[in-house]
Every structure is written in structure tokens, then in C-alpha cells.
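Please read the points below with the model open beside you. They take the interfaces in turn, then a helix packing, and then some local features of the backbone.

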Amino acid sequence: MSWLVPIGLGMLGLGLITGLGAWLLDIANRRFKTESDPLVARIDQELPQTQCGQCGHPGCHPYAEAIAAGEAINRCPPGGQDTVDRLAELLGRDTLPLDAEPETVGQDTVAWIIEADCIGCTKCIQACPVDAIVGAAKLMHTVITDACTGCDLCVAPCPVDCIEMIPRPVPANRWVPPKPSVIATDRYPQAGLAHG
Amino acid sequence: MMQRLRPQSTSAVMYTVLIALCPGAVVSMWVYGMGVLFNMLIATVSAWGFEALCLRLRGRPILPRLSDHSALLTGWLLALSLPQAAPWWLVVAGVGCAIVLGKHLYGGLGHNPVNPAMLAYALLLVSAPVSMTTLWVDPLNPPEITLAWSAFLGIAPDGYTSATVLDLYRTEFIGLTQPEMQNHPLLAQSVFGVAAGTEWVALAYFAGGLGLLACRVITWHIPVGFLGSLLLLSALFAIDPDTATPPLTHLLAGASLFAAFFILTDPVSGATSPRGRLWFAIGVGCLTYLIRTFGQYPDAIAFAVLLMNFAVPMIDHYTRPRIVGRDASVRGSGGLS
Amino acid sequence: MADLNIQTTRFQLPGGIEPEMHKACSTETPLEQLDTPKHLYFPVHYSGGGRGESLVHVGQRVSRGTPIIQTDSGVVHCASRGGQIVCVEPRAVLHASNDISDTIVIETDERLDQDYLEPLSWPWTREILIQRALDAGIIGLGGAGFPSHQKWGAQHTLVINAAECEPYLTADDLLMRVDAHSIVRGACLLARTFEIQRIVIGIEDNKSHALDALTTAIQSARSDCHFEIVVLPTRYPSGGERQLIWLTLGEEIQSGQRPSQHGILVHNPGTLAALSRAVDGKPITDRIVTLTGDQMRSPKNVLAPIGTPLTELLAAGHTDLEHISSLVIGGPFMGFEVMHHDVGMTKTTNCVLVRDPMPLPIEPCIRCGACAEACPVNLQPQLLLNALESQALERASHEGLADCIECAACNVVCPSHIPLAQWFRHGRARLQADTEAQQRADAARLRFTSRTERLERLAKEQEARRTARRAQSVDALARVRQAREGNPS
């Protein structure tokens with residue numbers, strides 16, 4: 001059995017060297033760890049900041065905290081499936097189908113006050129999560145379109161139903177031209193030119 | 001109006017390269033016999049066949065892709081790289097490797113990361129080393145057409161093949177002095193002192209390459225970078241003429257000129273900016289010298305090209321020209337103005 | 001007499017192409033004044049200068065020069081001919097998006113009444129000239145339609161972009177031939193108002209008639225302005241703003257900055273001529289349009305009222321809709337194809353190009369690098385394309401997508417006929433939209449956070465006040481009790 005001795009010693013030595021090295025690397029890793037953004041802030045960064053509360057939380061940041069604590073990542077209709085996928089990527093979780101009615105997804109709208117009907121009750125001002133409505137009691141209110149996130153939280157409190165959600169006005173130079181229809185691979189031949 | 005000269009479509013580019021290959025191919029046939037022609041014929045047929053098969057299997061339109069001549073070019077390049085007395089099955093297997101493994105497995109034209117012809121050459125060299133190293137025709141004794149045909153069928157007797165000049169320097173010339181080397185019949189009957197016949201083939205490829213430059217299918221960067229670095233390295237180490245392969249042999253023997261104008265210039269697998277192409281070619285030149293000097297293969301270009309192909313993303317990353325309006329060091333996202 | 005110095009450029013454009021120019025056909029015939037069409041169309045939102053609002057109502061009668069659209073940049077668009085407003089209805093607009101906008105429709109009549117502004121007389125202040133530019137509806141007539149007054153400020157150099165480098169276009173060429181005096185006068189009064197020391201005209205060497213006209217106009221101008229004319233080789237895209245500044249001044253504008261931040265003002269000759277007329281009280285009502293293309297029976301330039309329908313313009317070129325295969329507004333490289341033809345031309349409509357586009361089959365990119373050679377800003381379009389095809393907007397942005405000037409020189413040289421410029425236009429617009437969405441999200445986050453903090457603070461203050469009040473009342477009660485216990489009566 002004497003042949004076992006060198007093998008045993010060798011294994012022991014290998015174990016010692018590997019163990020010691022791994023221990024040192026571990027210490028170094030902890031010692032020089034770079035502090036990344038707190039997880040909640042990074043989740044919050046991915047959320048669309050509509051502050052609409054459709055996820056059941058009073059704003060995007062509270063939902064980010066809830067996600068960090070383990071809540072499902074698919075409860076943000078304004079963000080759409082893209083946001084769910086990005087959150088899954090960020091958190092290393094499996095992606096989920098978006099939990100929302102299809103017609104509520106991905107609409108870019110803003111609130112619009114029909115000024116003739118406004119009675120100046122300030123209820124919408126109190127409801128707006130981003131202070132995007134200006135006005136005073138008994139005076140007409142109006143929406144700061146640039147600051148409006150389209151959360152539609154102001155629509156329900158209005159006693160005279162003078163708030164409408166309209167598509168966000170897009171200036172002409174913000175139009176996104178379509179992708180070229182034929183993609184430059186050999187996948188899609190152009191009709192009629194196959195023998196050209 | 002320089003743009004007018006440049007070929008206006010991908011198939012025209014390929015077509016121009018095919019035409020530019022012709023002088024070299026014809027001189028090859030004259031020097032090495034009709035085996036070259038047989039190789040090119042079977043390569044043509046099998047290139048079309050494999051390309052059509054792959055397109056069919058991938059559900060792509062066959063005729064428009066086949067008529068861009070890229071498969072044909074790959075086949076010809078491989079046929080002209082193989083030993084002149086190669087049997088038919090070697091050529092067919094090589095073309096199959098090039099088209100199937102080298103090109104279509106990566107997504108077809110424009111998507112292959114390495115040069116398909118060189119990939120096939122390297123695969124053949126490691127899997128059929130005997131055929132790839134011993135079937136080179138002796139340019140002083142080219143076979144008759146019937147002999148070439150039986151070689152093509154793989155049933156030829158010995159006697160018409162010989163070691164290539166680059167092999168001679170690695171094997172037979174060791175220990176000889178330079179005057180003794182000059183007595184070797186291959187060198188003695190040569191005009192440039194390189195290798196009888198071989199040098200004319202190389203010069204014919206050079207002529208074709210000049211044509212490509214004139215048509216602006218290729219730029220000067222690759223030939224100059226490759227030939228320049230190869231010559232420079234071989235000249236530096238040629239201080240002792242008894243042990244080193246002379247620079248002129250590096251240039252005119254083997255596939256140097258052929259590769260400089262036709263192999264390295266494959267745009268798909270090569271670097272894409274002018275500066276990148278220069279570095280790519282210099283890399284291939286240095287590797288070619290190293291492998292020729294220290295390796296055991298008949299020629300080194302295939303491995304050098306493949307190795308540099310893998311370095312292309314990095315070369316592309318570091319050799320992009322300075323964008324107008326930006327500092328050379330700064331790249332990356334700026335806002336739209 | 002103004003001082004003049006003519007020289008050839010000392011600088012060279014990186015990249016660029018030399019396409020066939022096709023310019024001669026439309027310059028052979030003299031400029032023609034188009035008859036007033038029956039209907040004129042003025043889209044409220046896409047007339048240039050941003051989103052607009054109608055200033056008129058249906059049934060109102062307007063004269064030539066009556067303000068009809070107020071835009072959010074302050075620019076006012078005026079009626080180009082007199083007539084009745086018959087309706088304001090949603091119609092297609094002349095824009096690459098082929099979008100729909102509320103459009104004012106004027107039915108013209110025979111009366112030739114004018115509703116012009118008061119002529120200005122020197123000296124005027126900068127503010128007065130800016131107000132005049134707004135009232136006269138002056139936007140960049142070169143193609144982008146950027147409100148001109150927004151560029152004016154502390155500048156030392158005015159560059160006049162007379163390169164007109166795109167094939168087929170000859171509108172600026174014709175304008176310089178027939179009305180060089182207005183261009184020179186506009187440049188002089190702009191220079192005088194804003195104390196601009198240097199006026200440089202960049203013009204390609206294929207416009208010798210225009211060059212002669214400019215020279216004569218400058219030499220006969222009663223002004224002490226100093227003009228320099230820099231003659232450029234005919235090479236596309238030497239008329240790009242940054243490219244022109246490089247070719248004329250040898251200055252490179254940093255990525256992400258505007259020339260005006262460097263003290264350089266770039267204007268199209270048409271804009272300066274319009275400014276000169278605006279000072280006399282005339283708002284922009286007409287512009288020169290090139291009618292050209294292989295399918296235009298009689299190619300020419302016409303002076304057409306703004307709002308003229310495209311069908312009328314085609315009729316002026318003796319061409320009808322059945323005989324054309326594609327209608328492009330602008331040049332073959334930067335222009336856009338229109339789907340609707342019963343649309344009014346706008347102030348930026350410089351060319352109506354009808355021709356058979358002859359689309360070639362698109363093949364895979366073989367990384368030949370021809371596009372990189374043609375790119376005037378040294379991008380690597382083949383790498384950009386790769387990034388955009390794989391939806392990697394961030395990588396594309398890293399490759400310099402933001403620096404692309406969308407000149408489409410790469411399209412022309414691509415042997416695989418890949419529509420690179422269309423990819424880049426799409427990618428740039430996406431990048432812009434994403435950036436803006438991110439900025440909006442960041443702003444919303446800030447507003448939400450500060451509102452949450454404010455509400456918390458208010459709640460806390462309220463709580464503190466309540467506690468203080470409670471403490472006060474407890475205190476008072478205690479004092480009262482003490483007083484009672486202290487002196488029992």
C-alpha cells in the first residue's frame with residue numbers, strides 16, 4: 001500500500017494550495033468589492049416613472065422596493081413587456097408575461113383639461129403624482145403637458161368630467177421613420193427581382 | 001468619376017475577382033499541367049452543387065444567391081490552393097467544407113467569420129496530410145494530360161511530384177551552403193533564382209491583383225501590409241544565407257502573391273477600415289513568416305489567415321478612423337444635435 | 001460698393017461622392033411664374049416652425065400676406081394669395097411621415113389685394129428684426145425649415161450655403177441668377193444688425209452663372225460689408241452644414257454642438273432673400289421650386305405660391321400622375337417619397353423629382369468598406385448597420401450614430417444596394433425618442449420624489465402644529481385649574 005502515500009500526500013498538497021488560494025481570492029474580492037448602485041435604484045431606473053399606481057403601489061419607487069423584496073416583475077402596464085424583460089435580465093429572474101389588459105399597454109397619452117368646463121375644485125391638482133397640474137381654487141386649471149406622465153389618476157377625481165386623456169402631441173421632427181422593409185440578409189428576396 | 005470604375009453590385013465584384021484570377025490560373029496550367037484545370041472544373045461544379053443544396057436546406061432563394069458568384073469564387077480559390085495532382089475527392093471534400101462549414105453554417109454570404117477557402121484548406125491539411133503535402137507537381141516535369149487525368153482519379157503512378165521550394169529549405173537544404181542550394185535543379189533553371197515555373201505563376205497572380213487594384217475592388221493596404229511585413233521579416237533574418245529562406249523565395253514561391261491579392265482581400269472575414277486592413281495584413285504576414293520558418297506545413301498562409309480572422313473584431317474596434325467632430329480618443333454615445 | 005474676394009477652397013472633404021448631377025435640364029429654361037392655383041393648402045402643423053394654431057375661421061376672406069397660422073416657435077405663416085377660407089379639415093401633409101394634419105384650404109379669387117407689413121427703416125434693433133422675421137414667416141428655406149431667428153445671436157461669421165450639392169436641385173442656382181441682389185442685401189442687413197464681421201459664400205464650381213450674378217450683385221451693392229466667395233469642387237455632400245463650414249472656414253464643429261455656438265451662422269440664399277423682402281414688408285408667399293426628373297416632360301424652375309398643390313406643379317411641368325412612377329420631394333438622396341399627391345407645397349419644398357427609381361435587389365453586406373470610404377464624417381456604416389440590424393441601439397450609438405448627417409452617400413456606393421441611410425434615419429429617430437423618454441422619466445421621478453417629500457414635510461408640520469396647539473391648550477387648562485385652586489372663592 002506504499003503507493004498510496006505519495007498520492008495521498010499529493011492530494012493533500014493540492015487541496016492545501018487550492019484551499020489557500022481560494023480563501024485569499026475570496027478575501028481580496030470582499031476587500032476590493034466595488035459598491036454598485038443599490039438594487040432598488042437600479043430597478044427604479046428601469047421603471048417608466050409614470051407613477052400611475054397600476055401595480056398596486058403608490059408610485060414607481062415603492063414598486064421598485066417591492067420588487068427588490070421579491071414581488072412579481074410583471075405588474076407595470078405602461079412599461080410593457082420590454083420593461084418586464086429588462087427587469088428579468090437585471091434581477092436574473094425568469095421573465096413573465098405582462099399582467100395587464102392589452103389595451104392599457106404602451107399608450108403614450110397626456111391629460112387634457114377642457115378648460116370651459118373646469119370649475120376650479122383643485123381635486124385633480126391633489127391627485128397628480130408629479131405636480132403637473134397648475135391652478136388655484138375657483139380658478140381654471142391646466143396641465144403642464146411636458147410634465148404629464150399620462151397616469152390618468154386625475155381623471156376619476158374630477159367632479160365634472162372635464163379631463164380627457166389624449167395622445168401625447170408629437171412635433172413633426174420627432175417622427176420615427178420606419179425600418180427599411182427589406183432586411184439586408186439573404187432571407188427576404190425582393191419579389192420580381194429574383195432573376196435580375 | 002472614379003466611382004464609375006468600381007463594380008456596382010456584389011455579383012460584379014465577385015465577377016471581377018474571378019476574371020482577375022484567370023491569368024494566374026492559365027499560367028498555373030501551363031506550368032503544372034492540366035491537373036489545375038481538372039481541379040477547377042470539379043471545384044466549380046461542386047461549389048454550385050453545395051451552394052444550391054445549402055440554400056435549398058435553409059429555405060433561401062437559390063438562383064439569385066447562386067448568381068452572385070461568391071460560391072464559385074470560394075471554389076476556385078480553394079482549387080488553386082490545393083496540390084495540382086490532388087484527386088477529385090480531395091477537391092470535392094474541400095469545397096464541401098468551405099461552403100457548408102465555412103459559410104452556410106454561419107448564415108451564408110456576409111456572415112462567415114473566417115475565410116471559407118482557408119478553413120477548408122486547413123481542415124484538409126489536418127485530415128488528409130499525406131495528400132496535401134506529397135501531391136505537388138514538379139514544375140520541371142509537368143505530367144501529360146493523361147497522367148494528370150489519372151492523378152485526378154487518384155490512380156496515378158509516382159514520379160511527377162516533388163517537394164515545393166519552401167519544403168526544400170525546411171528539409172533538404174539543411175546543412176547546405178548557398179552555392180550548393182543553387183545546384184538544385186529547381187533553383188538552377190529559375191530566372192529569379194527562386195523556383196523554375198513557380199515564379200511565373202506568382203507574377204501572373206500579381207498582374208491579376210494589379211487589375212483588381214485598378215478596378216478599385218481592393219485597396220493597396222492589404223497587399224502592401226502583407227508582402228511588406230513578410231519581406232521585412234525574411235530580410236531581417238536572412239543575414240545568414242545558409243540557413244534562412246531568402247526574401248525573394250518568400251515572395252515568389254508558395255502562395256504569397258496569390259494570397260496577398262485574392263485570399264486576404266476577402267472583405268467579409270477581414271478587417272473593414274483601411275487602417276484595420278493594414279494591421280490585419282501585417283498580422284498575417286508576420287504569422288506566415290513564423291509558421292513557414294518554424295512549422296511543418298507546406299505553406300503557412302491558411303493558418304495565418306484563420307488566426308487573424310479571429311482577431312478581426314478587435315482590429316475593427318481599435319482601428320476605426322476618427323469621427324469628424326470628435327477627438328480621436330473619445331468614442332461612444334453623444335447626444336443628437 | 002461692397003468688398004469682394006474670390007478663392008478656391010483649401011480644404012478637402014473626407015469621403016463624399018461624385019454622382020451624376022442632372023442639373024442642366026432644369027436650368028435651360030428661364031424661371032417661370034406659376035399662375036395662382038384654384039386652391040391653396042396650408043397644414044397647421046407641418047408648415048415649419050413647430051406645431052401651429054389656425055388664426056382664421058371658415059368663411060373669412062384673406063388677402064395675400066394675411067397671417068393664418070401661428071406656430072409655437074413664434075413664426076407666423078401668411079396666406080400666399082387672396083381668397084376665401086373654405087374649410088379647415090384634416091388632410092395629408094407634405095412630410096416624410098405622410099402624416100395627417102388640420103389644413104387650411106383657401107379658394108383663391110381674382111382680387112390682387114395685399115396685406116403686407118410696414119417696411120422697416122434703418123436703424124432698427126435686433127429685437128425688431130427678429131420680430132419681423134417671425135411676422136414674415138421666415139424659416140430656413142434650404143430644407144430643414146428651422147426657424148431662422150433662433151440661430152441669431154452673438155455671431156461673427158455668416159456662411160451662405162450656396163453649394164446646392166445634391167443632384168437635380170437647381171432652385172438655389174436659379175434664385176442666385178435672377179435675384180442675387182436680394183441675397184446680398186439680406187446678408188448685409190443681417191450682418192449689420194448682428195454685427196457680423198465676415199460673410200462667406202460657399203458655392204460649387206458647377207454654378208458659374210450664379211457665381212457671376214453674385215459677383216455683380218456684390219460689386220454693385222451699396223454696403224461696406226466684406227464678402228468672400230469660396231468656390232468648392234462639385235462633390236456631394238459639400239453643402240451639409242458642417243461640411244460647408246469645414247470647406248469654407250476650415251473649422252470643425254464638435255459633435256453635439258451647433259455652429260451657432262461657435263459664432264457661425266449658416267443660411268440658405270433663399271432665406272436671406274426672403275429676409276431682405278421681409279424688411280420691405282413682404283412676408284414669404286412664394287418660392288422657387290425645381291420641377292425635374294427623367295419623367296418630367298418639361299423640366300424647369302417655377303416661382304410658385306406656397307400651398308400650391310403638387311398636381312398643379314406637375315401640370316406646370318406638362319406631366320400628369322399616370323405617367324410617373326415615383327414622386328420625391330427634395331433631391332434623390334435626402335428627399336422623401338410622397339404617397340398623396342393632392343397636397344400643398346410648403347416653404348421647404350425645393351424640388352419635385354419624378355423618375356423611375358429602379359430599385360435594385362438588396363444583397364447581404366460583404367463589408368467591402370465602400371460606404372466607409374464615402375462617409376463624410378468617417379463613420380463605419382457597415383458596423384452601424386450590423387448594430388442596428390441586431391437592434392443594438394446602444395452599440396450603434398457607440399459607433400457614432402449620432403454623428404451621421406443622413407446624407408445617403410453610403411447608399412449610392414453600396415454594391416449590395418442596402419438602404420443604409422434609411423436604417424440610420426430610423427435609428428437616429430429611435431435614439432432621439434428614447435433619450436427624450438428617458439429625460440421625461442427622470443423629470444417625472446424628480447417631481448414625484450419632491451412631491452412625496454413635500455407632502456411628508458407638510459404632514460409633519462401639521463402634526464407639529466397640532467401637538468403644539470394641544471400642548472398650549474393643556475397648558476392653559478392647567479393654568480386655569482391652578483388659578484381656581486389657588487383662590488377658592
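**Notes on the interfaces and local geometry**

1. In the contact between chain B and chain C, 41 residues of chain B meet 43 residues of chain C. This is a predicted model, and the values that follow should be read with that in mind. The two chains bury about 3,400 Å² between them, and carbon and sulfur atoms account for 48% of that area.

2. The polar side of the interface between chain B and chain C can be described by two counts, namely 6 salt bridges and 17 residue pairs in polar contact, with both residues at pLDDT 80 or more. On the chain B side, helix H1 (10-32) and helix H18 (312-318) each supply at least two of the residues that touch chain C. Sorted by class, that side of chain B holds 12 nonpolar, 17 polar and 12 charged residues. One of the salt bridges pairs Asp316(B) with Arg367(C), where the closest N and O atoms are 2.9 Å apart.

3. Chain C also meets chain A, with 35 residues of chain C in contact with 39 residues of chain A. About 3,000 Å² is buried between these two chains, and 58% of it comes from carbon and sulfur atoms. Within chain C, the residues that lose the most area to chain A are Arg445(C), Arg447(C) and Phe448(C), which together make up 21% of what that side buries.

4. Between chain C and chain A there are 4 salt bridges, and the polar-contact rule finds 7 residue pairs across this interface, both residues being at pLDDT 80 or more. Helix H12 (residues 420-486) of chain C gives the largest share of the side that touches chain A, namely 19 residues. By class, that side of chain C consists of 16 nonpolar, 7 polar and 12 charged residues. A salt bridge also links Arg454(C) to Asp131(A), and here the closest N and O atoms are 2.7 Å apart.

5. Over all chains, a search of the whole structure returns 34 salt bridges. In chain A, the side chains of Glu46(A) and Arg86(A) form a salt bridge with an N to O distance of 2.6 Å. Glu46(A) belongs to helix H2 (residues 39-46) of chain A and Arg86(A) to helix H4 (residues 80-91) of chain A, so this pair ties together parts that are 40 residues apart in sequence.

6. For a helix packing, please look at chain B, where helix H13 (residues 221-236) and helix H16 (residues 274-294) pack at an angle of about 35°, with their axes 7 Å apart. The crossing of H13(B) and H16(B) is right-handed. Among the residues that make the contact are Ile222(B), Phe226(B), Leu230(B) and Leu233(B) of H13(B), together with Leu278(B), Ala281(B), Ile282(B) and Tyr289(B) of H16(B). By class, the contact has 11 nonpolar, 6 polar and 2 charged residues.

7. Which peptide bonds of chain C deserve a look for a cis geometry, with omega near 0°? The bond from Trp122(C) to Pro123(C) is cis, and Pro123(C) sits in the loop between strand S9 (100-108) and helix H2 (126-135) of chain C. A cis peptide bond also joins Tyr236(C) and Pro237(C), with omega about 0°, and Pro237(C) is placed in the loop between strand S12 (226-232) and helix H5 (241-249) of chain C.

8. A further backbone point concerns Gln51(A), which has a positive phi of about 60° although this residue is not a glycine. Gln51(A) lies in the loop between H2 and helix H3 (60-68) of chain A, and H2 of chain A is the helix that holds Glu46(A) of the salt bridge with Arg86(A).

Notes. Residues numbered from 1 in each chain as written. Chains lettered and ligands numbered in written order. Predicted model: local features only at pLDDT ≥ 70, side-chain atom pairs only at ≥ 80, totals over all residues. Heavy atoms only, no water. Contact = heavy atoms within 4.5 Å. Buried area = accessible area lost by both parts, 1.4 Å probe. Polar contact = N/O pair within 3.5 Å; in protein donor to acceptor, adjacent residues only side chain to side chain. Helix = DSSP H or I, 4+ residues; strand = E, 2+ residues; numbered from the N terminus. Nonpolar A, V, L, I, M, F, W, Y, C, P; charged D, E, K, R; others polar. Axes fitted to C-alpha atoms, helices over the stretch in contact; angles between N-to-C directions. Left-handed = near helix turned anticlockwise from the far one by under 90°.
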